[in-house]
Amino acid sequence: MSSKQTMQLLPVLVSLAVLFVGAAAARKTTHIKFYMHDVVTAVPSSPATTAVRIARGVTPLPLEPTIRFGDMFIIDDPLTEGPDAASPVVGKAQGFYIFASQTDFALMLTVNMVFTAGPHNGSTIAVLSRDAILDPVRELPIVGGTGVFRGATGYGLLRTYSANSTTLNAVLEVDMYVRARV
């Protein structure tokens, strides 16, 4: 390539570099923390179920015979600002989970975090993940979103705040780190 051709190509390369840097800068990371209340069995503190088993698997899991490989639950769980069920509601977790391992307590989790209050009202974050529910921290990949989170990427960190092995109810602490175009 001649030096004249190189000089003609240089402005094009600089322009492309500026475009790529600008596109990267137009995305920002947002941290959102909330609590997800998964109520399989109604109790006085949570009188309505929010997770319903819609399919029953055949093979019981080794340490818990009431849970089976293939059990599927549909969810419409409240998302709150704090761990208490009476905390202000910021949205709903809508989707399903399947016990997808024959040997471990591992779920296939498909859920949309639908925000109904606060600065993200009307927006969603989509998650598709394996959730090894006995691990202290689980990482959830974000695969998309709508509204202010259109085209979102990122991850969530899920921790079990409280769980009841008799009722199967749980409160989960969720930290989402979302990258979306602003």
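Biologist: How many of the 182 residues of the protein chain count as buried, in percent?

Modeller: In this chain, 37% count as buried. Buried means under 20% relative accessible area, exposed means over 50%, and partly exposed lies in between (1.4 Å probe, protein chains only). This is a predicted model, where local features need pLDDT of at least 70, side-chain atom pairs count only at pLDDT 80 or more, and totals for chains, interfaces and linings use all residues. Residues are numbered from 1 along each chain as its sequence is written, and side-chain values use heavy atoms, with hydrogens and water left out.

Biologist: What makes up the pattern of the protein chain, read along the sequence?

Modeller: The pattern is α-β-β-β-β-β-β-β-β-β-β-β. That is one helix and 11 strands. Helices (H or I, at least four residues) and strands (E, at least two) are DSSP runs, numbered from the N terminus.

Biologist: Why are Y35 and Y161 called an edge-to-face pair?

Modeller: Rings of Phe, Tyr and Trp (its six-membered ring) pair if their centres lie within 6.5 Å; planes under 30 degrees apart count as stacked, over 60 as edge-to-face and the rest as tilted. Y35 and Y161 are 5.7 Å apart, centre to centre, with 80 degrees between the planes. So the pair is edge-to-face. Y35 lies in strand β1 (residues 27-38) and Y161 in strand β10 (residues 153-163), so the pair ties together parts that are 126 residues apart in sequence.

Biologist: Why is Y35 called buried? And what does Y161 count as?

Modeller: Y35 has a relative accessible area of 9%, under the 20% limit, so Y35 is buried. Y161 is at 47%, so Y161 counts as partly exposed.

Biologist: Which residues form an aromatic cluster?

Modeller: F34, F115 and F149 form one. A search of the whole structure finds seven aromatic pairs.

Biologist: How do you know that R56 and D71 form a salt bridge?

Modeller: A salt bridge is a side-chain nitrogen of Lys or Arg within 4 Å of a carboxyl oxygen of Asp or Glu. The closest N and O atoms of R56 and D71 are 3.3 Å apart, so the pair passes. R56 counts as partly exposed at 44% relative accessibility. D71 is buried at 0%. R53, R56 and D71 are linked in a network of salt bridges.

Biologist: How many salt bridges are there by this rule?

Modeller: The count comes to seven. R138 and D131 form one, with N and O atoms 2.7 Å apart. Both R138 and D131 are buried. R159 and D175 also meet in a salt bridge, at 3.3 Å from N to O. This pair links R159 in strand β10 with D175 in strand β11, 16 residues apart.
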